[in-house]
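The entries follow the order in which I checked things.

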Amino acid sequence: MRTRRQKILEDRQTVVGRLYAGENSLTIPDDLIFEIFSRLPAKSIPRCRCLSKLWASILVRQDFTEQYVKRSSARPQLLFAFQEYGEVFFFSAPQNQEDDNSSPITASYHMSFPVSRVREIYSPISGLVCVKDERILKGMKTPVTVWMICNPSTGQSFTLPRIKTRKKRSSVRSFFGYDPVEKQFKVLSMTFASDIIDDAISTDHQVLTLQTVKLSWRMIECSVPHYPGCNSVCINGVLYYKAENRADSPAYGEVIIVSFDFRSEKFSFIELVKPYILGLINFNGKLASVMPSDSNSFNRASTIDLRVLDDIEKNEWSNHVYKLPLSWENVVADADLHCVKVTASNEVVLSGYYYQRSPFYVFYYSLEKETIRRVEIQGMEAFTRFRVYTFVDHVEDVRPMKRVLGLALK
């Protein structure tokens, strides 16, 4: 009796025969072939490349991979990442669940790889995720920072070159971004003294461009003296992150927003009229922040503020106040929530920071309807307690990792 694996392989080989039966066979148009393959799960694409040279040549073509990304963008996913048992795990689940009853959905496991101490997992960009890990390498006594780029959809990962620092006892802050014009992924890093945080200032600003023949860090100039924070967002090729002003002026120590253009590799900054601002998010292509209006936490608030940077040149912000429904406290309970993003359908997505062997929820607040719905995420119950990184609008990119990084294919 044939095993399930044998049957799948035979079915695939049958399709190969139909797609390429010889010189005398009918030619199937490329767009129809692309349509067939683009309906396959992302995990199946790397496997299909191994079945024949014909399939491999089709599935690495730029026009096919771009079509796959475009199709995936129409059905974005929620992406969950966390560290447990010395590894970082990635799960995903459907994002657009418009059902008011909000039935539970099951997260699908994608991949995991060994880590030591995850310091940050950056928001996915075009299907890729950057993980900042801190580990002690062989022959060393102090931990060093290691960056890994991974594609949860294909299960591939790659370790980036280590950054070189000129000073001992220095910490590294990094940000992951994308230049949509040149279609290049980049990592921005900077160092600061780890033993004088109160007066620390970023130095040794360096950029790593992924799509280069030889991956290496390049020093760049920064004319904005500052101490970088962790929270960031990349919008249309421009990175924004909160920082403390370190310029020799009356504004020393005040919170500012630093912007970095990944194409020109230039820094600038935005002064905050009202320093109190929480996490930075992308709101319909504009820099924004969502925060509780009358409380220190979302679960105790009765209204929320949406602050949007309408004109970056004039530094003009608009403030929008939304009333939360009476059922808000009962729905969110004691969850320690943070705002993830506002979706294209104008829903504020909120998620808890930690998972503790209890139902894990994602909350959707509609800015138009002023209603709240709670979606239970199942499938991660086997793990004990971990910090959950929740991301929205995750798309699947099926390009081989070496092609994404610009390295020579074996």
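**Entry 1, strand pairing.** Before reading the strands, I noted that two strands count as a pair if DSSP finds at least two bridges between them. The model I am reading is a predicted one. With that cut-off in hand I looked up strand β2, residues 87-94, and found that 6 bridges join β2 to β4 and that the two strands run antiparallel. Within this pairing I also looked for the residue facing V88, and V88 stands opposite F113 in β4.

**Entry 2, the sheet around that pair.** I then asked in what order the strands of this open sheet are arranged. The sheet has 4 strands in the order β4-β2-β1-β27, and the pairing is antiparallel. The edges are taken by β4 (108-114) and β27 (389-394), each of which has a single partner strand, so one side of each is left without a neighbour in the sheet. From one strand to the next, I noted a twist that averages 20°.

Stepping back, I counted 7 helices and 27 strands in the protein. Of its 410 residues, 48% count as buried, and the accessible surface comes to about 21300 Å², of which 50% belongs to carbon and sulfur atoms. I also looked at how far along the chain the contacts reach: among contacts between residues at least 6 apart in sequence, 51% join residues at least 24 apart.

My search of the whole structure for aromatic pairs returned 18. One of these is F260 with F262, an edge-to-face pair with 5.2 Å centre to centre and 90° between the planes. I checked the burial of both residues: F260 counts as buried because its relative accessibility is 0%, and F262 is likewise buried, with a relative accessible area of 0%. I next looked at Y361 and F363, which form a tilted pair with 6.2 Å centre to centre and 45° between the planes. Here Y361 counts as partly exposed, because its relative accessibility is 22%, whereas F363 is buried at 3%. I also recorded one aromatic cluster, formed by F34, F37, W55, F64 and Y68.

Is S318 buried or exposed? I found S318 in strand β20, residues 316-323, and its relative accessible area is 17%; since buried means under 20%, S318 is buried. I then listed the polar contacts of its side chain, one of which is with the side chain of D310 at 2.6 Å, while another, of 3.0 Å, joins the side chains of S318 and H320. Leaving out residues up to four places away in sequence, I found that S318 touches L306, R307, V308 and D310.

Note on methods. Residues are numbered from 1 along each chain as its sequence is written. This is a predicted model: local features need pLDDT of at least 70, side-chain atom pairs count only at pLDDT 80 or more; totals for chains, interfaces and linings use all residues. Side-chain values use heavy atoms; hydrogens and water are left out. Buried means under 20% relative accessible area, exposed over 50%, partly exposed in between (1.4 Å probe, protein chains only). A polar contact is a pair of N or O atoms within 3.5 Å; within protein, one must be able to donate a hydrogen and the other to accept it, and residues adjacent in sequence count only if both atoms are side-chain atoms. Contact means heavy atoms within 4.5 Å. Axes are lines fitted to C-alpha atoms, for helices over the stretch in contact, and angles run from 0 to 180 degrees between N-to-C directions. Accessible areas come from the Shrake-Rupley method with a 1.4 Å probe; for residues, only the protein chains shown count as cover. Rings of Phe, Tyr and Trp (its six-membered ring) pair if their centres lie within 6.5 Å; planes under 30 degrees apart count as stacked, over 60 as edge-to-face and the rest as tilted.
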